[in-house]
Amino acid sequence: MESLKAEGVKHVFGIPGGANLPTYDALVDADFRHIQVRHEQGGGHAAEGYAKASGRVGVAFATSGPGATNLVTAIADAMLDSVPTVFVTGQVRTELIGTDGFQEADILGATLPFVKHSFQVTDPRQIPEYVHEAFHVAFTGRPGPVLIDIPQDLSRADIEYSPRTEPVDLAGYKPSTEGNIKQIRIAAKALAGAMRPVLYTGGGVVNANASEELRGLAGSDRFPVTSTVMGLGAFPASSDQWLGMLGMHGTRAANYAMDEADLIVAIGARFDDRITGKLSEFAPHAKFIHIDIDPAEISKNVAAHIPIVGDAKQVLPKLTREYRALQTDPSRLDAWWKRIEAWREEYPLRYEPGADGEIKPQFMIEAMHRATQGDAIVTSDVGQHQMWAAQYYDFEKPRRWINSGGLGTMGFGLPAAVGAKVACPDDVVVCLAGDGSLIMNVQELATCVNEEIPVKVFLMNNGYMGMVRQWQELFWDRRYSSVEMGPSPDWVKLAEAFGATGMRCEDSADLEETMTKAIETDGPVLLDVRVSPEENCFPMIPAGAAARDMVG
Amino acid sequence: MEAGTPDLVKLEDLHLPGQLSGRKHILSILVENKPGVLARIAGLFSRRGFNIDTLAVGPTDDPSISRITLTLDGAVHPIDQVTKQLHKLVNVLKIRDMEPEETVAREMAMFKVSAAVENRAEIIQFAEIFRAKIVDVARRTVTIEVTGSADKIEAFERMIRPHGLVEMVRTGEIAIARGAD
């Protein structure tokens, strides 16, 4: 507890059980807040939401066995989205380890592929040291989840805690952050020679808190900027240099620009298959500058001509400075912008407006933007609603868009909103949920009510697992298989049963007003919005196709 | 700006280094001697689809540090990606991709060969040519210990196999850099 406090921990999410009883006993006297969640997966995602909203390390506790295995999805999620998190699990008593004791699970073994690092405590005196090392590893370099597994008998041992005076120093862990200046100079010169450049940014820019530095680089010339779903908000959507998101459900302007670019600067992005589509036809004319804090990401999927290992916050200002010193002629990009403008004009994001009060999902996102003045922290589940929000919400600032991009975890949104609201109590936190996803962690509504965490759940209810339905319609001959959600539950009654406020909206004319009312209502609110059931999310690059073959 | 460098880098002058080396690589890896380290390394290899050809683990002159020597095929895997992924493991301290010309690599193998009275002399002669040692003799078999490069061991195997190879045990290669370093 003392070591957690020394790390500046103010909030922990979790559930007690047999193997972490000593930890929970100590919590009674600890002066940080423990949020008692209703399922360990919810606790894990809440820790992620907390970390993503605040930029601090999120912490979740679970007991041994099922408590720990319930955390696994959240740990894997935090790994793929590089979320700084520390998970502390209880373990059976030392003498029971390996005997298949009650509630024993080898959580360290189970999570090896999903953790940045993990610690098995074998001596109580290791606990403070491991806690400090865990926070250091989770937070620095490319952030990620760290697990500490503590057997019950060791967590109840009384040990002396002496505050740490030395910074953590791990022989096998030395992230490079500065970026090689020679490489940065070559990159600047390559940028100066580019006629069709694109800045392709990702979650690394958000993690590095490098939005301002990104705007600096983009503003040093008229570089077009696009981003992955993880990087939204790092560059303001209102800028005329913003092309929109790229990738499977990105804009045509962004994807076509990548397709025709001669130089792509990847910043904190990792060329995921949702970005590249068919790898062999991805950006066929481009050379690549790849800036990333994780050297293993460079040339993993797409080979980089100019690799730069470093923290975006440190590298981007140097690159901007070197580029400015070259005093290039900005008019050389005129032809490129003319081409981009033509795509923007010909292929804007658009949808058929709903008739007779029908609520189109895209309209719902636009209404949500108006009702929140575009300034809410929006968490989302995974599916069509997530992509529509990414397309239509127009994020202006980083850490306002919290979603599960890498693992694509349905049920992420509500617990992540719990974490975000705890981290940022003065902000409006909206969970944009899908009806397929929300049910997966709906138990956290009880957490919202009991712990007085007033998140606003805006449920985009189309009665389907919409994205799967869309794929079955488009690529499986409309043979719908297990995608209908049916009449259960009655979401308004469910919200009320939890002690939250339930609302429903079925008419587009009332939507914005109802949303405003939901935001103004005290306490947690679930607003069930009935949207067009079979609307498809377009445009899209079919899986395995090339960007230029976008459909819809 | 550095003297002598042009102001602009022409994009057509940017080229990619080759990804696959096409040869066998020996990686010498120093790791912290902590429980689970081998599981982390083995797990990383299987998860990323890298195929280890041989693996040898042993202590170093420092009891807190172990050495893992592994060989893999650079024609199949981009070695650079393998070493970068290994480096991300916090318990991995140092990785050296051993340069073939500057490395002494050795492996030990034991061959149990059927040796009837009539061909026993011939087998012993082979062993002498390869500077191998007879370490066990039974009524129908002899066991031979061979030390050398992987090539030498494979050559010995080819020679001895026609006589009836009962069992073969190999350690996998270990390697050390030549010279003072």
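User: What order do the 4 strands of the open sheet in chain B take?
Analyst: The order is β2-β3-β1-β4 (chain B), and the pairing is antiparallel. Strands here are DSSP runs of E, at least two residues long, and helices are runs of H or I, at least four residues long, numbered from the N terminus. Two strands pair if DSSP finds at least two bridges between them. Bear in mind that this is a predicted model: local features need pLDDT of at least 70 and side-chain atom pairs count only at pLDDT 80 or more, while totals for chains, interfaces and linings use all residues.

User: And which are the edge strands?
Analyst: Those are β2 (52-59) and β4 (92-97) of chain B, each pairing on one side only. From one strand to the next, the twist averages 15 degrees. Angles run from 0 to 180 degrees between N-to-C directions, with axes fitted to C-alpha atoms, for helices over the stretch in contact.

User: How many bridges join β1 and β4(B)?
Analyst: Strand β1 (residues 24-32) of chain B pairs with β4(B) over 5 bridges, in the antiparallel sense. B:Ser28 stands opposite B:Arg96 in β4(B).

User: Which strands does helix α2 of chain B lie across?
Analyst: Helix α2 (residues 79-87) lies across β1, β3 (65-73) and β4 of chain B, and runs at about 165 degrees to β4(B).

User: Before we go on, how is the numbering done?
Analyst: Residues are numbered from 1 along each chain as its sequence is written, and chains are lettered from A and ligands numbered from 1 in the order in which they are written.

User: Thanks! How many residues of chain B are in contact with chain A?
Analyst: 23 residues of chain B are in contact with 27 residues of chain A; contact means that the C-beta atoms, placed from the backbone, lie within 7 Å. On the chain B side, α1 (37-48), α2 and β4 each supply at least two residues, and α1(B) gives the most, with 4 residues.

User: What classes do the residues on that side of chain B divide into?
Analyst: They divide into 10 nonpolar, 6 polar and 7 charged. Ala, Val, Leu, Ile, Met, Phe, Trp, Tyr, Cys and Pro count as nonpolar, Asp, Glu, Lys and Arg as charged, and the others, Gly among them, as polar.

User: Switching to chain A: how many residues of helix α16 are buried?
Analyst: 9 of the 11 residues of α16 (residues 361-371) are buried. Buried means 20 or more other C-beta atoms within 10 Å of the residue's own, exposed means 12 or fewer, and partly exposed is in between, with C-beta atoms placed from the backbone. Among the buried residues are A:Phe363, A:Met364 and A:Ile365. The buried residues of α16(A) pack against α17 (384-392), β15 (429-434), β16 (456-461), α23 (508-520) and β18 (525-530) of chain A.

User: Is A:Ser299 buried or exposed?
Analyst: A:Ser299 counts as buried, because 21 C-beta neighbours lie inside 10 Å.

Methods:
Two residues are in contact if their C-beta atoms, placed from the backbone, lie within 7 Å.
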